[in-house]
Amino acid sequence: MLSFSVVLVGMGLQTILRARNSLRWLSLCDGRKLGVTASASVVEQHGGFCPTSINNSEPRRALSSMAAPVASSSSHYITGHATTEGTANFAKKIDANAGAGHFRTLRAGGAVGDLIVSSLGIGTYMGPDSDSVDREYMESITRSLSLGINVIDCASNYRNMRSELLIGQVLPMAIKQGIINRNEVVVCSKAGYLAFDYREDIDPYTYIDETYIKTELFKREEFVGGCHCLSPAYLKNQLELSRRNMGLETIDIYFIHNPETQLSAVPRSTVLSRIKGAIAAMEECCAEGKIAMYGIATWNGFRVNASNKQHLPLEEILSYAKDIGGENHRFKVVQAPYNSFLHQAATEPSQPVRGRRMPLLHAAHHLGLSVITSATINQGNLSKNLNPDVRNKSPELGEQRTDAQAAIQFARTTPGIVTSLLGMRKVMHVEENCAVIRYPAHPRT
């Protein structure tokens, strides 16, 4: 079996993807065999890349119907979702150990109600597909919940479904141990990138053809770059996978994942039409009680200016939700990267709102949307040798503050951000990073 390395450019760094089945994946990614719409380059964008990595080091079972269609019973799922009362109760339990401003309001309104969420959330993107990493994440999530975090972020393609599956193990244990109640924690996931189950013995061509195309979950022309799809049927299928993986009757926030990925290969008008179709599907899933609300998670889309090919117009996209769901639509949240290095969400006037251009954080506020940010310490790159100007913005943390803590404080005190996500798979990092919870987090002026 051959192996190869593909340089993936994204998030301000280079990542080396080592994948097996390389000859098959090279052909898959450029679309020569499957007839998919291929993008010009292989680019990582916050938890999604083409091609998806496959780790053959773990035991697998024969190709089955794990991905589509999903027909499992929901009788064993944890019922309920995050509520105003539940999240307020979580904040009350933690209040004595949390500084002012740690808990904020995520504006949802309507049937869901506004939620009280922590200024920090735990992400589950990074790490190899291994049992040992699963155990680390389970310990880290449990400890995070104990220390005052009530936002968990994931996606079906993170670590080939392993991240969702471990959340499905840790949540019932945390509930049984009395650490949380289901209505106290906000669980987020995403769909858009092709997700593989790490337990499968996958031949890419057979898998995609049998699992998705022949079942009419998407057409070949809807599958972009060998990795991404916005077909309503496909997104609904991925939602069922996520509900099954995590054992949840209702996912609190479900994100359409990096739709700007398709702009490198598909006309803008087609991508916007696909986003509108995806929003219609999300509204239907909300009505069915499978998700409480939804949003769009981006890497470039909302923070780059309109001259950039990957720009997405937030006000226009929100209008799709209003057209489909009326004033009671459930499009409530957007996600984008933000830190002292990737600061465009606060500084780049990328979004037109009512004829004025403004940064994403300002635009979201004017449009009534909440913002959750990713890449808070830029995948660890801001945990050392932090710019002194950034470090000096958090004297309230004391002289012994680490660079990681200063970088976290910079993000969570930026006006307009509800929750800053941190990928934390080791308990030692949870302890260090969550130490800032004890300190005030008033918005910087």
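Colleague: What pLDDT does the protein average?
Modeller: The average pLDDT (the predictor's confidence in each residue, from 0 to 100) is 87, and 84% of the residues score at least 70. This is a predicted model, in which local features need pLDDT of at least 70 and side-chain atom pairs count only at pLDDT 80 or more, while totals for chains, interfaces and linings use all residues. Residues are numbered from 1 along each chain as its sequence is written, and side-chain values use heavy atoms, with hydrogens and water left out.

Colleague: Where does pLDDT stay under 50?
Modeller: Residues 1–45 stay under 50, and the model has 128 contacts (heavy atoms within 4.5 Å) for them beyond four places in sequence. Residues 51–66 are also below 50, with 51 contacts beyond near neighbours in sequence. Where pLDDT is low, the predicted coordinates should not be read in detail.

Colleague: On to the sheet. Which strands make up the barrel?
Modeller: Eight strands form a closed barrel with parallel pairing, in the order β5-β6-β7-β8-β9-β10-β13-β14. Neighbouring strands of this sheet are turned by 30° against each other on average, direction ignored. Strands are DSSP runs of E, at least two residues, and helices are runs of H or I, at least four, numbered from the N terminus. Two strands pair if DSSP finds at least two bridges between them.

Colleague: How many bridges join β7 to β8?
Modeller: Four bridges join β7 (residues 186–191) to β8 (residues 251–257), and the two run parallel. Ser-189 stands opposite Tyr-254 in β8.

Colleague: And which strands does α7 lie across?
Modeller: Helix α7 (residues 268–287) lies across β8, β9 (291–297) and β10 (331–337), at about 160° to β9. Axes are lines fitted to C-alpha atoms, for helices over the stretch in contact, and angles run from 0 to 180 degrees between N-to-C directions.

Colleague: How do α8 and α10 cross?
Modeller: The axes of α8 (residues 314–325) and α10 (residues 360–367) come within 11 Å and cross at roughly 30°. The pair is therefore roughly parallel, a term for angles under 35 degrees; over 145 counts as roughly antiparallel, 65 to 115 as roughly perpendicular and the rest as oblique.

Colleague: Which residues make that contact?
Modeller: Leu-314, Glu-315 and Leu-318 of α8 and Leu-360, Ala-364 and Leu-367 of α10 make the contact.

Colleague: What about α4 and α6?
Modeller: The axes of α4 (residues 162–176) and α6 (residues 232–246) come within 7 Å and cross at roughly 40°, and these helices are therefore oblique to each other. Glu-164, Leu-165, Ile-167 and Gly-168 in α4 meet Leu-241, Ser-242, Asn-245 and Met-246 in α6.
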